[in-house]
Amino acid sequence: MKILRAAVALLSCLPVLAWAERPAVHEFQLDNGLKLLVKEDHRAPAAVSQVWYKVGSSYEHEGVTGISHILEHMMFKGTEKHPPGEFSRIIAANGGRENAFTGADYTAYFQTLEKSRLEVSFELEADRMRHLRILPEEFAKEREVVMEERRMRTEDQPRAKLSEHFAALAHTNSPYRNPVIGWPDDIRAITVEDLRDWYLRWYAPNNATLVVVGDVEPQAVLELAKKHFGPLPPGDLPALKLRREVEQAGERRMTVKLPAKLPYLAMAYKVPALKEAQADWEPYALEVLAGVLDGGASARFSSRLVRGGQIAAEAGAGYNLYPRLPALFELEATPATGKSLRELEQALREEVRQVRDKPVAQAELERVKAQVLAQEVYQRDSMFYQAMRLGLLETVDLGWQRADEYPARIQAVKAEEVQAVARKYLLDEHLSVAWLEPLPIEAGKAVIESIQETGHVR
Amino acid sequence: MYAKRWIVAIGLFAFWACGVQAGPVIEQWTAPQGSRVLFVKAPGLPLLDARVVFAAGSARDGEQYGVAALTASLLDAGAGEWDADAIAQRLEGVGAALGGGASRDSAWLSLRTLTEPDKLAVALETARAVLVQPRFSPKDFQREKQRTLQALKQEEESPADIAENMYYEALYGAHPYAHPASGKPETVARLKREDVKRFHRRYYVAKNALLVLVGDVSREKAAEIAAALLHGMPEGAAAEALPPAPDNGAGTVLRKTFPSAQTHVLSGAPVLPFNDPDYFPLYVGNHILGGSGLVSRIIDEVREKRGLSYSAYSYFQPQAARGPFTMGLQTRNNQAEEAVRVLNETLRAFIADGPTEEELAAAKKNITGGFVLRIDSNQKIAETVAMIGFYGLALDYLDTFSARVEAVNRDDIRRVFQARIRPEAFKTVVVGGEAKTD
């Protein structure tokens with residue numbers, strides 16, 4: 001299934017509507033602790049149903065990294081009632097689409113269906129919430145699938161590999177230092193017993209949020225949820241231990257040398273997230289700052305680094321408001337032809353210096369805000385996206401209401417506040433830098449065989 | 001927009017459970033400039049999606065591989081009285097988003113904007129300039145050309161990209177589908193600004209354009225918008241028909257070593273144009289063979305039973321000329337041979353025997369039961385209607401889709417697979433590292 005690694009990309013363009021009428025979110029809680037969120041969208045006779053669990057790679061300890069993601073794969077491998085693969089066959093036979101994704105702070109499962117089939121999804125999700133059977137022979141195959149997934153996503157992708165090394169450099173003790181898919185030896189070493197323990201610990205109605213968006217009636221959805229999820233017993237959840245990153249004391253650098261064709265640069269500053277921020281306007285100011293640097297083709301990076309100075313072929317800035325633990329303000333860029341990583345890094349640092357030294361222009365601020373308001377409407381064109389946002393906020397314990405606050409909070413950000421967070425957080429002592437220096441890729445040998453010789457394609 | 005998995009996208013159109021068989025109501029007219037306009041009124045959200053599609057993809061490159069893509073990428077780099085900064089500031093100042101690109105068959109520009117009158121007016125005026133009056137200034141041309149060259153270089157670090165480029169070249173030989181849509185380093189390096197300007201003059205013309213509008217505006221307002229967006233576009237002439245795709249010659253296997261952990265495999269042949277009479281049995285058959293996520297035969301054999309690959313699939317990609325039927329997977333180097341064997345055995349068994357009655361029934365239920373999911377957002381409607389319009393499908397395509405899926409039987413599938421899919425003529429591309437123990 002999919003891994004959603006940095007919610008950064010998603011969330012930086014994740015706003016809420018301010019002026020258009022806002023469809024209400026209906027919130028319920030079953031006796032066993034399951035949270036249910038329902039949002040009506042009657043534009044098409046369809047519904048999306050998502051189950052979000054409060055578990056992901058940031059809950060994992062050393063030695064079992066990747067276990068949340070492997071468990072996500074195993075969730076398709078059968079329960080006491082349904083043999084392996086039947087879940088997917090039933091959803092398919094009902095015209096549905098399904099998948100699942102694991103991130104640092106969540107694991108989520110979803111189906112999109114014609115609205116009258118919603119119950120099919122509830123029946124199956126409720127069943128695998130408490131009755132999964134993890135079969136050793138199924139796990140043996142699925143472990144290989146996950147290793148292939150890792151080869152595809154990470155091993156053979158120079159920039160993904162750099163990102164993996166970089167996260168481990170930038171974080172000292174935060175669990176965000178580990179890749180969502182897990183380190184290779186951990187994937188190989190995880191046992192069926194590890195998975196069963198992980199499942200029993202985290203998969204329970206009182207650790208889950210069910211989100212439904214679509215052409216549905218909230219009270220009817222509640223009744224359906226009670227029928228299928230209601231009988232499930234709550235779990236005995238462990239208390240979450242805080243694992244906040246220790247303070248960084250000085251700039252960190254690394255060079256990653258890999259067979260590649262283009263150099264690449266990543267930079268990251270330690271910044272607060274909305275959760276546990278000392279002053280809760282600061283994260284919104286950081287969000288606007290990311291927009292000023294990289295919120296579209298009119299933003300500073302495109303205008304100055306790509307087009308104006310032609311020092312970067314691509315340049316981006318990313319900030320995630322909604323992680324569970326403090327995270328990073330990230331910059332990344334590819335040098336333009338003929339430019340070095342050193343020159344590129346200087347140019348990015350110069351951009352950072354400017355936002356520290358001078359308040360951003362009013363016109364820039366207004367463009368960021370105009371885009372936020374428009375995105376709010378655009379995102380309502382996707383039921384999936386609306387559900388995703390509610391589920392995520394609930395799962396990191398910020399509460400779905402934060403989605404409603406977002407546009408007003410962004411509109412309230414002032415130029416001085418953007419400058420203030422830049423001065424306070426974009427500090428060299430809290431910076432990590434990684435360079436990707438390409439190694440030559442040996443020229444491949446090409447061979448052509450005629451099929452007739454072998455009779456079939458080998 | 002005309003991405004790799006068109007067929008998958010198309011496949012899920014059908015009727016939903018209660019038996020309703022209607023797609024969105026598509027209205028059609030000709031704009032004053034001569035372009036065909038397709039409009040779907042979509043109330044509910046105060047937004048408008050506009051897509052302008054030209055028969056101006058890389059199949060029109062001639063010898064200048066990459067000129068179509070470079071033209072498309074330069075449109076918003078300066079137009080009319082505005083430079084790239086001014087264009088971006090105008091659009092983003094009203095929250096509008098402009099997109100675009102070029103595939104083999106088409107080039108397109110997409111605009112998403114709010115329908116508040118002031119904002120809509122700014123967005124339309126800016127998009128019009130981008131369409132009709134791009135500057136192609138020397139500085140912008142040089143920069144985008146360099147960025148294209150860099151992107152092509154980056155493809156050389158990706159075994160997946162290398163395999164895909166080799167695959168199309170093997171399939172299409174001298175046909176204009178053979179080269180990558182973004183061009184090749186040596187051809188892009190030779191492109192001149194005049195080439196881009198000439199390409200734009202020839203192909204970005206009203207008779208070669210389709211405009212799709214989807215949003216919360218009236219039919220009258222949509223007609224105004226269409227006329228305003230295309231204002232000043234020369235009438236010109238439609239692009240010539242593309243040459244037919246080559247017939248399958250002898251099958252070959254092309255291997256290329258690459259220092260990657262996985263070997264990437266693509267195997268297939270040119271098979272399916274749009275408006276083909278065998279389309280439905282081929283589509284439904286492929287859904288069972290390799291087109292339906294975790295429940296297809298290929299994923300079952302390759303992944304579920306053997307754990308050989310994270311992804312394994314087959315698909316038809318209909319195009320203006322015959323588009324490919326492709327099977328693909330990626331797996332660690334030392335089991336590539338086994339994976340390819342499984343892929344081929346699965347295909348051959350399917351061609352020989354066709355699907356079972358149960359498989360066919362399940363596929364039909366999935367396809368028809370999921371119809372609504374393909375048109376449950378304005379964006380999806382806009383993309384789908386653009387496909388219908390660009391490839392000249394009937395306007396009731398969505399309304400009749402489910403009945404045509406239901407009409408497919410096992411014999412149809414076996415017959416068309418035996419007639420159209422000839423594995424002995426497949427081109428197979430294998431790119432990856434030397435086999436060694438993991």
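Local features were considered at pLDDT of at least 70 and side-chain atom pairs only at pLDDT 80 or more, while totals for chains, interfaces and linings use all residues of the predicted model. Residues are numbered from 1 along each chain as its sequence is written, and chains are lettered from A and ligands numbered from 1 in the order in which they are written.

Chain A contains 17 helices and 13 strands, where helices (H or I, at least four residues) and strands (E, at least two) are DSSP runs numbered from the N terminus. Its radius of gyration is 23 Å, close to the 23 Å given by the globule rule for 458 residues, so chain A is as compact as a globular protein of that length; the radius is taken over C-alpha atoms, and the rule is 2.2 Å times the number of residues to the power 0.38. The C-alpha trace of chain A spans about 70 × 60 × 45 Å along its principal axes. Of the 458 residues in chain A, 55% are buried. A residue is classed as buried if 20 or more other C-beta atoms lie within 10 Å of its own, as exposed if 12 or fewer do, and as partly exposed in between, with C-beta atoms placed from the backbone. Among contacts in chain A with a separation of 6 or more, 82% involve residues 24 or more positions apart; a contact requires C-beta atoms, placed from the backbone, to lie within 7 Å.

Chain B comprises 16 helices and 13 strands. Its radius of gyration, 23 Å, agrees with the value near 22 Å that a compact globule of 438 residues would have. The C-alpha atoms of chain B fill a box of roughly 60 × 55 × 35 Å along the principal axes. Buried residues account for 61% of the 438 residues of chain B, and 83% of its contacts between residues at least 6 apart in sequence join residues at least 24 apart.

In chain A, five strands form an open sheet in the order 8-12-9-11-10, with mixed pairing; strands are taken to pair if DSSP finds at least two bridges between them. Strand 8 and strand 10 (312-319) of chain A are the edge strands, each pairing on one side only. From one strand to the next, the twist averages 15°, with axes fitted to C-alpha atoms, for helices over the stretch in contact, and angles running from 0 to 180 degrees between N-to-C directions. Helix 10 (residues 282-294) of chain A packs on this sheet, where it touches strand 9, strand 10 and strand 11 (327-335), and its direction makes about 170° with that of strand 10 of chain A. Strand 8 (residues 252-259) and strand 12 (residues 431-439) of chain A are parallel and share eight bridges. In this pairing, Arg253(A) has Val433(A) as its bridge partner, and Thr255(A) has Trp435(A). Strand 9 (residues 264-271) of chain A, by contrast, runs antiparallel to strand 12 and is joined to it by six bridges; here Ala268(A) stands opposite Ser432(A).

An open sheet in chain B has six strands in the order 1-2-8-3-7-6, also with mixed pairing. Strand 1 (27-30) and strand 6 (97-102) of chain B lie at its edges with a single partner strand each, so one side of each has no neighbour in the sheet. The twist in this sheet averages 15° from one strand to the next. Seven bridges connect strand 3 (residues 47-54) and strand 8 (residues 209-215) of chain B in the antiparallel sense, with Val52(B) opposite Leu211(B). Apart from neighbours within four places in sequence, Leu211(B) contacts residues including Ala31(B), Val37(B), Val52(B) and Leu230(B).

Leu211(B) also belongs to the largest nonpolar core, of 288 residues, and is among the members that touch the most others, together with Val288(A), Leu289(A), Phe54(B), Leu213(B) and Val385(B). Such a core is a set of buried Ala, Val, Leu, Ile, Met, Phe, Trp, Tyr and Cys residues joined through C-beta atoms within 7 Å.

The contact between the chains takes 67 residues from chain A and 73 from chain B. On the side of chain A that touches chain B, helix 5 of chain A supplies the largest share, nine residues.

Two non-glycine residues with positive phi were noted in loops. Asp397(A), with phi near 65°, lies between helix 14 (383-395) and helix 15 (401-411) of chain A and is exposed, with 11 C-beta neighbours inside 10 Å. Phe136(B), with phi near 50°, lies between helix 4 (117-132) and helix 5 (138-155) of chain B and is buried, with 21 other C-beta atoms within 10 Å.

Notes. Contact = placed C-beta atoms within 7 Å.
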